[in-house]
Amino acid sequence: MKRKTPIDAPHLWLVLVRCHDALKHIAERSIKDTGLGLTDFVALEALLHKGPLTITEIQSKVPLALGSMTAAVDRLEKKGLILRTPSPEDRRAKVLKLSPKGRAVVEAAFTRHAADLETAMAVLNQREKRQLHDLLKRFGLFAAAARPAPAAPKRT
C-alpha cells in the first residue's frame, strides 16, 4: 500500500486487532512465565501500583468479572500474597493489600512483564510512543462514547 493511499476504517481496525493480538500474546507469555495466572497478576499489579484497594476498586481499574476477581483474591490470600483487612469506611467491605511476599512476587513479575513489553515495542522511539499513546487514548475515548445506531428491523 502506498503512503498516499487513504486508509479506511475497516483496514485500520484490522491493523489494530492484529497488533493487539501480537502484543497480547507477548504479555500473556511473560505473565505465564512468572507462574501467575493472568487474573492473579492483574489483581497483584493493581495493588502494587495503586496501593490497598477493595475488590470493587480493583474491578473498576481492570476489566474482569466479579467472580473471576473474587476467585483470584481467594487464591492470592491462600498463597499468602495478599492480606484482607476490614475497611474503615464500610464494615461489609475488605481492603486488600500486598503481603511482603506478595510485593516481592509481583515486583519481580512486573519487572519481567515490563521488560518483555519494552522489547516488543523497541521499534518505536519515545516520541513515537507518546504520539501513539495520545492517538490511541483519544480514539479509545471517542469510540467508548460513541453509540451505535440501532439496527433497523428486518422485513419479512
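Which residues of helix 4 are buried?

1. Basis of the note. The model is predicted: local features need pLDDT of at least 70, side-chain atom pairs count only at pLDDT 80 or more, and totals for chains, interfaces and linings use all residues. Residues are numbered from 1 along each chain as its sequence is written, and side-chain values use heavy atoms, with hydrogens and water left out.

2. Buried side of helix 4. In helix 4 (66–78), the buried residues are M69, A72, V73 and L76. Buried denotes under 20% relative accessible area, exposed over 50%, and partly exposed in between (1.4 Å probe, protein chains only). Helices (H or I, at least four residues) and strands (E, at least two) are DSSP runs, numbered from the N terminus. M69, A72, V73 and L76 in helix 4 lie on the same side of the helix, because they cover an arc of only 100 degrees around the axis; the arc is that of the directions from the helix axis to the C-beta atoms. An α-helix has 3.6 residues a turn, so residues three or four places apart point the same way.

3. Surroundings of helix 4. The cover over its buried residues includes helix 2 (38–50), helix 3, strand 1 (82–86) and strand 2 (94–98). G67 and K78, on the other side of helix 4, are exposed. After helix 4 comes G80, with a positive phi near 80 degrees.

4. Length of helix 4. At 1.5 Å a residue, its 13 residues should span 18 Å, and the end C-alpha atoms are 18 Å apart, which agrees. The expected span is 1.5 Å times one less than the number of residues.

5. L64. This residue is in the loop between helix 3 (55–61) and helix 4. L64 counts as partly exposed because its relative accessibility is 24%. Leaving aside residues up to four places away in sequence, L64 touches T39, V42, Q59 and M69, contact meaning heavy atoms within 4.5 Å. T39 is 25 residues from L64 in sequence, with a C-alpha to C-alpha separation of 7.7 Å.

6. Helix 5. The 21 residues of helix 5 should span 30 Å at 1.5 Å a residue, in agreement with end C-alpha atoms 30 Å apart. Its buried residues are G102, V106, A109 and H113. They are on the same side of helix 5, because their arc around the axis is only 70 degrees. These buried residues pack against helix 1, helix 2 and strand 2. The face turned away from the buried side carries the exposed P100, A108, T111 and T119.

7. Largest pocket. Its space is about 1,000 Å³. Of its 22 lining residues, L16, C19, L132, H133 and L136 are the closest to its centre. Helix 6 supplies the largest share of the lining, ten residues. The lining has 15 nonpolar, three polar and four charged residues.

8. Second largest pocket. The volume is about 670 Å³. Among its 21 lining residues, the closest to the centre are A27, I31, L38, H113 and L117. Helix 1 gives the most to this lining, with seven residues; helix 1, helix 2 and helix 5 (100–120) each supply at least two. H113 is also one of the buried residues of helix 5.

9. Pocket terms. On a 1 Å grid over the protein atoms alone, a pocket is an open set of points where a 1.4 Å probe fits, with protein on both sides within 12 Å along at least five of seven lines, and lining residues have an atom within 4 Å of a point. Grid points are joined across faces, edges and corners, and a volume is the space filled by probe spheres set on the points. Ala, Val, Leu, Ile, Met, Phe, Trp, Tyr, Cys and Pro count as nonpolar, Asp, Glu, Lys and Arg as charged, and the others, Gly among them, as polar.
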